[in-house]
Amino acid sequence: MPATTASSLPPPAIVANQHIYDDYFEEEFTQTLDENILQLLDRVWFRSELVGFEDFPQRNNPDRPLIFASNHSGMAFPWDAMVALSHLWRHLLQKNGNIDDLPRPLSAPLLSQTALMNPYLVRDFWKKNGCVDATTLNFETMMYYQDHNLMLYPEGVPGIGKGFNRKYELQRLATSMVRLALQHGTDIVPFYTINAEYLNPYAYSFEPINRLTKKIGIPFLPLTLLLLLVIIQPWAFYLAFPAKLTFVMGTRIRPSDLTDKTVDELSREEYLDLSEQVRQQMQGEMDTAVAAHGQKPYRWGELWQRIKENRRFFPFFLPFAWPAMFTEFERLYVKEGRRNFRMQLDRPGAWLRMLWRNPITLAYFIPLLGWIPLAIKGYKGNKLGQQQKAYRSN
């Protein structure tokens with residue numbers, strides 16, 4: 001078994017960077033968001049299911065976090081990650097009464113640094129919910145994190161940008177995942193996100209167009225008939241079809257079992273080979289999970305039944321009402337500093353009152369010109385890569 005540095009002290013650069021643990025993360029923000037919004041969306045629209053999470057994985061090395069790894073859903077806004085973490089949050093609270101085992105995500109920096117990639121322009125949305133920008137330094141720093149495990153999508157942006165013609169095809173995995181797992185003597189816990197490919201189906205991308213959109217902070221532009229709807233109804237930028245999201249636990253991977261060499265002895269080519277071995281194992285298990293859980297991605301009968309059961313919350317479980325709901329949440333939690341509140345989503349006229357209190361949300365329904373006030377709001381004081389803390393509530 002290769003030697004690891006699990007017992008060593010963090011290097012000075014890592015120590016200096018450990019502020020990322022709690023620069024933005026607010027457990028109360030995540031809990032309040034889940035209680036007021038995500039539980040309803042999950043219960044009715046996404047209807048997510050955890051498969052194989054009954055015996056939740058525990059650290060093989062108590063001093064280092066486990067690395068949870070999943071496949072990306074191509075060409076879709078990352079509702080799948082949002083729903084997965086929300087469901088895991090509730091699962092662990094119900095199971096253990098705490099969230100110590102919850103994985104914190106390493107996410108593509110463009111998600112947090114680009115205004116439009118924060119849902120409905122809720123500033124610092126991803127970071128307040130625990131995301132950390134997936135840079136090399138941050139990844140290495142988070143390997144010393146004691147409070148939670150880690151979660152990442154090792155395909156990176158190429159995994160997000162793969163077209164529907166490559167659904168459920170794992171792209172090349174980042175070698176850093178294997179390298180750091182070996183270095184710190186921790187395991188990789190794969191799980192598979194099934195049906196998220198149908199959140200935005202039949203969408204494709206072309207690299208020349210993506211190079212242009214990256215200049216305004218959008219990593220890729222899905223080319224689909226829905227693009228016309230995005231132009232005439234800006235709320236559709238965040239649209240998700242009602243795919244039943246299913247998260248399937250995979251077989252735990254111990255990279256040290258794949259090689260007899262130490263971290264320093266492995267070459268770049270050997271790391272690529274190890275990553276490919278991991279990718280092939282994950283691909284095979286994901287194919288099995290798709291066969292078992294991915295043949296009916298929408299389950300229309302179940303969706304209709306959930307809508308009927310939750311009709312008193314109409315229209316908030318439908319995507320056109322989500323802008324007002326998220327904007328109202330930000331107004332109450334961030335701007336007014338309220339805590340322990342419940343949004344009365346089942347009160348008659350609740351959606352119209354939200355529109356009245358948050359007139360910016362009307363822009364989501366204005367064809368083409370609606371993008372102007374949304375862009376002004378989103379990019380005002382929000383330069384790409386800005387690291388200042390915005391809207392700190394305490």
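1. Helix 2 (residues 27-46) and helix 13 (residues 322-335) pack at an angle of about 165 degrees, with axes 10 Å apart; the two are therefore roughly antiparallel to each other. Angles under 35 degrees count as roughly parallel, over 145 as roughly antiparallel, 65 to 115 as roughly perpendicular and the rest as oblique. Axes are lines fitted to C-alpha atoms, for helices over the stretch in contact, and angles run from 0 to 180 degrees between N-to-C directions. Helices (H or I, at least four residues) and strands (E, at least two) are DSSP runs, numbered from the N terminus.

2. This is a predicted model, in which local features need pLDDT of at least 70 and side-chain atom pairs count only at pLDDT 80 or more, while totals for chains, interfaces and linings use all residues. Residues are numbered from 1 along each chain as its sequence is written, and side-chain values use heavy atoms, with hydrogens and water left out.

3. Which residues of helix 2 meet helix 13? On the helix 2 side they are Glu28, Phe29, Thr32, Leu33, Ile37, Leu38, Leu41, Trp45 and Phe46, and their partners in helix 13 are Trp322, Met325, Phe326, Phe329, Tyr333 and Val334. Contact here means heavy atoms within 4.5 Å. By class, this contact has 13 nonpolar, 1 polar and 1 charged residues. Ala, Val, Leu, Ile, Met, Phe, Trp, Tyr, Cys and Pro count as nonpolar, Asp, Glu, Lys and Arg as charged, and the others, Gly among them, as polar.

4. Helix 2 also packs with helix 12: their axes come within 8 Å and cross at roughly 135 degrees, so the two helices are oblique to each other. Arg43, Val44 and Trp45 in helix 2 meet Leu303, Arg306 and Ile307 in helix 12. The residues of this contact divide into 4 nonpolar, no polar and 2 charged.

5. Helix 8 (residues 175-184) and helix 11 (residues 268-293) have axes 8 Å apart and an angle of about 100 degrees between them; they are therefore roughly perpendicular to each other. Thr175, Met177, Val178, Arg179 and Leu182 in helix 8 meet residues of helix 11 that include Arg268, Tyr271 and Val278.

6. The peptide bond from Phe314 to Pro315 is cis, with omega near 5 degrees, and Pro315 is found in the loop between helix 12 (300-309) and helix 13. Tyr120, a residue other than glycine, has a positive phi near 55 degrees; its place is the loop between helix 4 (109-113) and helix 5 (125-128). Most residues other than glycine have a negative phi, and most peptide bonds are trans.

7. An unreviewed UniProt entry places the feature "domain: Phospholipid/glycerol acyltransferase" at residues 66-196. UniProt positions are given in the numbering used here, feature names are shortened, and annotations may be inferred rather than shown by experiment. Over residues 66-196 the chain is 37% helix and 16% strand, and the end C-alpha atoms are 24 Å apart.

8. How far should the coordinates be trusted? The protein chain averages a pLDDT (the predictor's confidence in each residue, from 0 to 100) of 90, and 93% of the residues score at least 70. Over residues 1-7 the pLDDT stays under 50, and over residues 383-394 it is below 50. Where pLDDT is low, the predicted coordinates should not be read in detail.
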